[in-house]
Amino acid sequence: MYFDLTDEQKMLKESVDGFLADTSTDAAIAAYAEAETPDNGKPWGAIVDMGLPAIVVPEEFGGMGMDLLTLSVVMESFGYYAYSAPLLQHSMVALAISLGGSDAQKQKWLPKLASGEIVATFAFAEAGVEGQWESSAWKLAGDKLTGSKTHVVAANQADLMLVGLAGGKLALVERDAAGLSLEALNVLDPTRRTFNVSFADTPCELLPGDVAGKVRDAALVCLAADANGAAQRALDLSVDYAKTRKQFDKLIGSFQGLKYQIVDVAIQQEPCRYLFWYAAHAFDAIPHDAERFAAFAKAHVTDIAVKVARMAVEAHGGIGFTWEYPLHYFLKRAMFDRTYLGLPAAHRERAAQLGGW
Amino acid sequence: MDLRLSEQYQAFRREVQSFLQANWQPTRDKAAIDAFRRKAVGAGYLYRSIPKAYGGSEQPADVLKAHIIREEFSKAKAPREVGGNGVGMLVPTLIDCGTEWQKERFVEKTLYGEYLWAQGYSEPGAGSDLASLKTRGELVGDKWIINGQKIWTSLGDKCHYMFMLVRTEPEAGKHAGISYLLLDMKQPGVTIRPIKQANGAAEFCEVFFDNAETPADWIVGTRGEGWNVSKSTLKHERNSVGSSSGTLSLYNQLVKLVKNVEIDGKPAMKNPLIRDRMMQIEGYVHAHVFSGFYQLTKDSRNESSGLIGAMNKLIHTIVAQDMAGVAAEIIGADGLLMPAEAGSFEAKSRPAGNEKWVNQIISSLALAMGGGTSNIQRNVIAERGFQLPKD
């Protein structure tokens, strides 16, 4: 019985945290957020050196061949530092191809995804469609696509897009494909720029495997992890502020009212880590729990993350509501995670159905 | 990450299962239960942290074995350690701080339920602020003479002895003035009065001491050391998943209720509000259970599990109250009744209808009080956990 991260996972997380502490400073987050069209470059830089784009790519294709739990703890760090590199989307495309691609597709794409020389994202939601994130709602179809997708993260950086098609199918579209155009959206979370992507007779290549559900499950776990990181950051900022800010000749952390506000969200947030760990582990090793616990993780952890972040703003008083103080980035990070890929209530309903309710 | 038990522990589980199969038949016969318990101690399954000299099985600490034993005994509905304050609090304190004669006199009979102990801590004026207690103990000749009152004494009217915190050093400071005494409850100077509770049960008592007496050497630790003595705990195996297994068990019972009830002529399970609320609760239950797995893992390696340990009780309290809230929504007019057997969630004598949930709905309030109020829990988490400054 070992319900904990392995030493390797802990070391990876430590090195990612170290990199992000230096790289994704508050000033860096703000600069990225302010930039009109922020350029991550081939964003990866040191992330490539740490092998992060390769985490879920099988070793035979140049990847690290690691499990979702490993990816999820990296995602948690990304949330803690509000880091913009679209590793979540990129990893989901790599997962889709490794689980559902043809041999030729795997050979063509996986090594480049692992090395980070190309960046990938996915396009699932369709504007104005009921249940827009769910594969059953996708309407886009054909081997030449005409239509659009919305809320596509980092579409401007992506060399490769995984597009959700009618019938729950997945297809690959290259960035320089004919008829592809992007429109930047005015986003809530400036650390995840999103786009409308329009297709006009755009060629695509179908993945033969029926893996949209699994990709969704993995994505939900990663979102939950990201949200938990953002929540932890908001909580840590609040506790630090409570220990340093003085009013009425006392540290504000000595007031029971504030203590209880902090504790009442902390007791909800602390167990969240163990829920997303289990959901990741279920994806990796307990198939009959994978789908249901991915839904639980997303719904539960992101709901609580927003509660924590909102408490954090109040705990800071006026300064917590300023743009200049970095807290709002973590609030928006949590809000994004809560809404993207479907609201908690939608996933709770899925969990109910999957539980035989 | 691996939720399976290693072969060593799987073999241990099989060993426990064989033992139970061979030695336990469900029964209420006290003699048979006692005999089984002694066999279980002989096999090393119960009282593992208590030395053999005092009736325990003196096993090396092993959190996973303890967990397996709890699970298997629970499945077989076999009796485990005797419940109550004696085994839970007094015995670890005596093992840690008691004299040899005290251990020999009291421990074994407590382990087998022959001696039942009342905890004499809280007073009408000393609840959360326990250290302000006023019950006085004066050494007169070879006896302590005790005057005062204790309250919330669980099962006080059924106990033989009491372990109590008493102010014996009135000139000393608040904490330094307290001693830990043992007392025979059956004496003229002790009057016990049951207190009826809001759920109809009378599990607590007031205890009045009017020149009650106890021998001078029925003190654990030295004079004025009582506060520290009461805080001593043996390095016994912590029950890291205890809290969450209780939460899960209550949730499973609530699910049964929801599946058997209708709202407006339709199954409650299909009611969208109930579904959503239940799945919210289920999220908390799962997170709590998995945090228990983490704590079990860390405890088995003698490593700290961080903040979560201090949060368990408060989490359970809040989730149990959420569940009470759902129950209240769906039992309808059964909510106008009380169960026939006051204070019992599981009806012992007659089958209870949904009104047995009324007991849970009311009694869930008591979770926020017993063993440290929720606000005291919050203080501890804030100050010791997050290191926030004291008031």
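Visitor: Leaving aside its neighbours within four places in sequence, what is His300(A) in contact with?
Guide: In this predicted model, His300(A) is in contact with Cys272(A) and Leu275(A) of chain A, and also with Gln280(B), Gly283(B), Tyr284(B) and Ala287(B) of chain B, once neighbours within four places in sequence are left aside.

Visitor: And is that histidine, His300(A), buried or exposed?
Guide: His300(A) counts as buried, because its relative accessibility is 7% and the cut-off for buried is under 20%.

Visitor: Which helix is His300(A) in?
Guide: His300(A) has its place in helix 10 of chain A, which covers residues 287–315.

Visitor: Switching to helix packing, how do the axes of helix 4 and helix 9 of chain A cross?
Guide: The axes of helix 4 (residues 68–80) and helix 9 (residues 272–285) of chain A come within 8 Å and cross at roughly 145°.

Visitor: Which residues make that contact?
Guide: From helix 4 of chain A the contact involves Leu68(A), Leu69(A), Ser72(A), Val73(A) and Glu76(A), while helix 9 of chain A contributes Arg273(A), Phe276(A), Trp277(A), Ala280(A), Phe283(A) and Asp284(A). Sorted by class, the contact between these helices has 7 nonpolar, 1 polar and 3 charged residues.

Visitor: Where does Gly18(A) sit?
Guide: Gly18(A) is in helix 1 of chain A, residues 7–23, and it counts as partly exposed at 34% relative accessibility.

Visitor: Last topic, what domains does chain B have?
Guide: Chain B is divided into domain 1 (7–75), domain 2 (117–225) and domain 3 (242–385), and the C-alpha centres of domain 1 and domain 2 of chain B lie 34 Å apart.

Technical notes:
Residues numbered from 1 in each chain as written. Chains lettered and ligands numbered in written order. Predicted model: local features only at pLDDT ≥ 70, side-chain atom pairs only at ≥ 80, totals over all residues. Heavy atoms only, no water. Helix = DSSP H or I, 4+ residues; strand = E, 2+ residues; numbered from the N terminus. Buried < 20%, exposed > 50% of the residue type's maximum accessible area, 1.4 Å probe, protein only. Domains from an automatic or database assignment. Contact = heavy atoms within 4.5 Å. Axes fitted to C-alpha atoms, helices over the stretch in contact; angles between N-to-C directions. Nonpolar A, V, L, I, M, F, W, Y, C, P; charged D, E, K, R; others polar.
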